[in-house]
Amino acid sequence: MTADHHLPNTLGRPGYAADREPVLTIAPGTGETIGFETTDAVYAELDDHHDMAQLQAPINPVTGPVYVEGAEPGDTLAVTIHDIELTTHGWSVSLPGSGALQHVMGDRVFTRRCPIEDGVVHVTDRHAFPVRPMIGCIGTAPAAGENSTIMPAYAEGGNMDVTEARPGSTVYLPVRVPGALLSIGDIHAIMAEGESSFVAIEAQGTAVVSVDLVKGGPELRAPRIETADEWLFVGLGEPVQESIRRGYEDAYAFLVDEHGWSGDDAYAVLSAVGDSKLGGPTGSGAPDPLHPFDAVGAVTLHRVPKAVLEPAEMPTP
């Protein structure tokens, strides 16, 4: 898919901040598309050196930011993902001290170049899987300070690593500063739920998106994602039980405050069909500076099927 505007990965840098100079200004709701190109340079360096100390390229740079005309604090940015174009290969790597399998992998730096051909990623000599491209890092600028693009995840988004940030989905992000300042990076060719390795199958690529603006409330306290069939509410909190609680509360408020349901109905329906799951492992609390890859808390996702928002006939006994 050819985007109306192309932002090369040379514009990528780590972090989200309000003082970043926009690289593009766009009007919301026009349908104009923006291609955010990302890079896999850090993984190529790891493959060359197998030594974290020799890295020159940053981990998870994000391309942007894009200034959205009319976006003001309290609004919501709606980012629709139309396409994610991959290049010729992805990477499976291990970063010492990171991921659920860090004790198994130890201190060595493992790297593997995974060819991508005809929509299939070759992960081993015997295992190839259809690509499921997604955006790992998507967010807006905070009102003050700088949000990391490695960890944690924030109310404004960032490195959430959720598989639903994929073509066909719309990601809703809170606006904290004029123009929102949207940036995107960290494309994955494929990622298992929960991202056991902390990095999945990373890949260079281009995410093609369009932006719209929802003026006024409700002001989001965490991102939400709309797919063809579901609304998903991102939970952020420490420990993981707090993340789950906050995600379910946002789903409950969506039904009660935004759709006029009674609290009892919302409670019962969420108990029946409001599934939840782990998202990425980046957590929602800043890690110990001495152990920068140790996740604190967890990202969780909480689903509301769109079908429950539609009038439905009672099933026949």
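The legends below describe close-up views of a predicted model.

Local features are given where pLDDT is at least 70 and side-chain atom pairs only at pLDDT 80 or more, while totals for chains, interfaces and linings use all residues. Residues are numbered from 1 along each chain as its sequence is written, and side-chain values use heavy atoms, with hydrogens and water left out.

**View 1. The largest nonpolar core has 36 residues.** A nonpolar core is a set of buried Ala, Val, Leu, Ile, Met, Phe, Trp, Tyr and Cys residues joined through side-chain atoms within 4.5 Å. Buried means under 20% relative accessible area, exposed over 50%, and partly exposed in between (1.4 Å probe, protein chains only). Among the residues with the most contacts inside this core are Phe36, Leu77, Val79 and Ile135. Leaving aside residues up to four places away in sequence, the residues that Val79 touches include Ile138, Thr170, Leu182 and Val211; a contact means heavy atoms within 4.5 Å. A second, separate core has 14 residues, including Val42, Ile59, Leu95 and Phe198.

**View 2. Ring pairs link Tyr172, Trp231, Phe233 and Phe254 into a cluster.** Rings of Phe, Tyr and Trp (its six-membered ring) pair if their centres lie within 6.5 Å; planes under 30 degrees apart count as stacked, over 60 as edge-to-face and the rest as tilted. The structure holds 3 aromatic pairs. In one of them, Tyr172 and Trp231 are tilted, at 5.4 Å centre to centre and 35° between the planes. Tyr172 is in strand 14 (residues 170-174) and Trp231 in strand 18 (residues 230-237), 59 residues apart. Helices (H or I, at least four residues) and strands (E, at least two) are DSSP runs, numbered from the N terminus. Trp231 also pairs with Phe254: the centres are 5.2 Å apart and the planes at 45°, so this pair is tilted. Phe254 lies in helix 3 (residues 240-258), 23 residues from Trp231. Both Trp231 and Phe254 are buried.

View 3. Most residues other than glycine have a negative phi, and most peptide bonds are trans.

**View 4. Ala180 and Phe198 have positive phi.** For Ala180, phi is about 70°. Ala180 is in strand 15 (residues 180-190) and is buried at 0% relative accessibility. For Phe198, phi is near 80°. Phe198 sits in the loop between strand 15 and strand 16 (201-214), and its relative accessibility of 7% counts as buried.
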